[in-house]
Amino acid sequence: MILSDVDVIMKKRAEKLANRAKKSIPTVGLFSVTVFSAGQEQFGIPTESLSCIVKTPKIAYLPNLHSWIRGVVQVRGEIVTVVDLAMWFASTGRSNFAFTAIVEGLPGKIGLLVDRVDGFRKIGLSDLC
């Protein structure tokens, strides 16, 4: 395949832009987490795993589940299991389940019931317990 002069120029420009973007990111060892509150605790979820945050839809309760699994919800046409973070981690305080954070992992999606979204933070590996 023969490249025209314009194609060669565009390819060189794209390579320069790609290299500049790689060099300008000083986040070695840092990653972004989304911070949520549930009960009296705060939790950080890797932002890259977060699919969306929605107001908690109506929960369909199912029998014979662990107490921290509240049931299932429908989010954007998908049925997702929802987990009460405060109960799962035995947090003190009552949770109001205002929001559901949909998180994607290897087994699939799961909804985390949280009281509020506290923001986003960059943390390093040394910040983890």
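Predicted model: local features only at pLDDT ≥ 70, side-chain atom pairs only at ≥ 80, totals over all residues.

Q: Good. Which strands form a hairpin, then, with two residues between them?
A: Those are β6 and β7. Strand β7 covers residues 108-114, and seven bridges join β6 to β7 in an antiparallel run.

Q: What is the bridge partner of Gly105 in β7?
A: Gly105 has Gly108 as its bridge partner.

Q: And which strand pairs with β3?
A: β3 pairs with β6, which spans residues 99-105, in the antiparallel sense over five bridges. Within this pairing, Lys55 stands opposite Phe99 in β6.

Q: What is the strand order in the open sheet of five strands?
A: The order is β3-β6-β7-β5-β4, and the pairing is mixed.

Q: Why is one side of β3 and of β4 left without a neighbour in the sheet?
A: β3 (50-55) and β4 (69-75) stand at the edges, and each has a single partner strand, so one side of each has no neighbour in the sheet. From one strand to the next, the twist averages 30 degrees.

Q: How many bridges join β4 to β5?
A: There are six bridges between β4 and β5, the latter made up of residues 78-84, and the two strands run antiparallel. Gly71 has Val82 in β5 as its bridge partner.

Q: Let us change topic. What is the order in the open sheet of three strands?
A: That sheet has the order β2-β1-β8, with antiparallel pairing. At its edges stand β2 (41-46) and β8 (116-124); each has a single partner strand, so one side of each is left without a neighbour in the sheet. Here the twist averages 30 degrees from one strand to the next.

Q: How many bridges do β1 and β8 pair over?
A: Strand β1, residues 30-38, pairs with β8 over eight bridges in the antiparallel sense. Phe36 stands opposite Val117 in β8.

Q: How far apart are Ile123 and Leu30 in sequence and in space?
A: Ile123 and Leu30 are 93 residues apart in sequence, while their C-alpha atoms are 5.3 Å apart in space.

Conventions
Residues numbered from 1 in each chain as written. Heavy atoms only, no water. Pairing = 2+ DSSP bridges. Helix = DSSP H or I, 4+ residues; strand = E, 2+ residues; numbered from the N terminus. Axes fitted to C-alpha atoms, helices over the stretch in contact; angles between N-to-C directions.
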